[in-house]
Amino acid sequence: MSGFSTAERRTLFAISGAHFVSHLHILALPPLFPLLRDAMGVSFLELGLALTVFNVVSFFTQAPMGFLVDRWGPHRVLVTGMMLGGLALALAGIFQEYSWLLAASALLGLANSVYHPADYAILGRDVAEDHVGRAFSIHTFAGYLGGAVAPAFMLGTAWVFGLGGALVAAGLLGPLLALPLIRPALSERPAPPRPKAAPGAPSVFSAAVLTLTVFFVLISLSAGGVQSFAVSAWGAFSGLSLASANIALTAWLALSAVGVLAGGFIADRTRRHGLVAAAGFGGAALLILVAGLVPMGVVPLTLVMAASGFLTGLIMPSRDMLVRAAAPPGQAGAVFGIVTTGFNIGGIAGPLMFGFLLDNGQPQAIFVAAAGFMGIAVAMALWQEQKRSRRVLAAAE
């Protein structure tokens, strides 16, 4: 944390805590699916519908929430979202009925839509330029950490307090970690109405922003294919055991988190973030192809996946810096709200596509598709970098 002022550290810890909660809440339900099925008398398909409801609501509300962040204030919106997410899980735990679970999923989707617009608006505004890349990386790492501890936290609290107690405990984390944000939220004032933009002024719906939205879709599709279907695919085409396949996947996830922290230092030392993204994704795509097309034992597979995960995580801070650079002044929340809908699009479409490939006896196609999406992302990152270089040259002339 060297280089950060006391105020910046305070902000970074608070916002990272919020991101930790957001990812834990996203993964709060899946570890409990067997218990929820028995308690509510529903099928896994019906439980899967709850996740679909979450993604659909988040998709439709994330971009509008970004505009609300810029208008109403990021701290106020963030605290409201954390309280709402906590309330949603608490209600699901108290009533333990399927209808309440669907309602809680909808509320969680709405709460989830505040995090990226609000978090990045605060960090981009309150952290100095020379280390905002590291701030983004720590923030992203905190989210990875929340997702990593979610299964153990949910199953552990369910074992101690029961199913309802686990959901209530997860819900209470929202208000608890919102406490450091309440004081700045109370002192925040709404921004004045934005005057009508002059002709030719930068827009939140610029070509750069829309391109980055597609970029986020590609990231979601590639990562989702590996994270959700790699274990099943390895077992289908190479006979790898469930335990061995999960070891390789865990290495990919763990080294992704390490790569995120390393990527923060790189993001602070270069302005050529498009090249960083292209190089990282290019290397990761090649390694994913090797992991999916070449049968190998658990040790070499784990090493290949660890390297791919590190490169995947390495580009995340540079990815966020590209979005920040595309945002017009005072509209970071709106831009992050727009581009991160790409995660929801990928989360809705990806499982259907990859599941179809697996059901139709094409397990290796999952890795080819994931690498292909990464390859398209490489091309888009290089295109963005080329456009940036042209702008720099034009400004220098």
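1. Helix α6 has these buried residues: Tyr-115, His-116, Pro-117, Ala-118, Asp-119, Tyr-120, Ala-121, Ile-122 and Leu-123. Buried means under 20% relative accessible area, exposed over 50%, and partly exposed in between, with a 1.4 Å probe and protein chains only. Since 9 of the 12 residues of α6 are buried, the helix is largely enclosed by the rest of the structure. Helices (H or I, at least four residues) are DSSP runs, numbered from the N terminus.

2. The model is predicted: local features need pLDDT of at least 70, side-chain atom pairs count only at pLDDT 80 or more, and totals for chains, interfaces and linings use all residues. Residues are numbered from 1 along each chain as its sequence is written, and side-chain values use heavy atoms, with hydrogens and water left out.

3. The expected span of a helix is 1.5 Å times one less than its number of residues. For α6, residues 115-126, this gives 16 Å, and the end C-alpha atoms are 16 Å apart, which agrees.

4. Helix α3 bends by about 40 degrees at Gln-62, and Pro-64 follows within four residues. The bend is the angle between axes fitted to the seven residues ending at a residue and the seven starting there. Gln-62 is itself among the buried residues of α3, which also include Phe-54, Met-65 and Val-69. After α3 comes Gly-73, with a positive phi near 120 degrees.

5. Ser-137 lies in helix α7, residues 132-187, and is buried, with a relative accessible area of 2%. Its side chain reaches the backbone oxygen of Arg-134 at 2.7 Å. Leaving aside neighbours within four places in sequence, Ser-137 is in contact (heavy atoms within 4.5 Å) with Val-260, Leu-261, Gly-264 and Pro-317.

6. Rings of Phe, Tyr and Trp (its six-membered ring) pair if their centres lie within 6.5 Å; planes under 30 degrees apart count as stacked, over 60 as edge-to-face and the rest as tilted. By this rule the count is 10 aromatic pairs. The rings of Phe-237 and Phe-367 have centres 6.3 Å apart and planes at 75 degrees, so the pair is edge-to-face. Phe-237 lies in α8 (residues 207-238) and Phe-367 in α15 (residues 363-396), so the pair ties together parts that are 130 residues apart in sequence. Phe-367 is buried, at 1% relative accessible area. Tyr-120, Phe-136 and Phe-336 form one aromatic cluster.

Methods:
Helix = DSSP H or I, 4+ residues; strand = E, 2+ residues; numbered from the N terminus. Polar contact = N/O pair within 3.5 Å; in protein donor to acceptor, adjacent residues only side chain to side chain.
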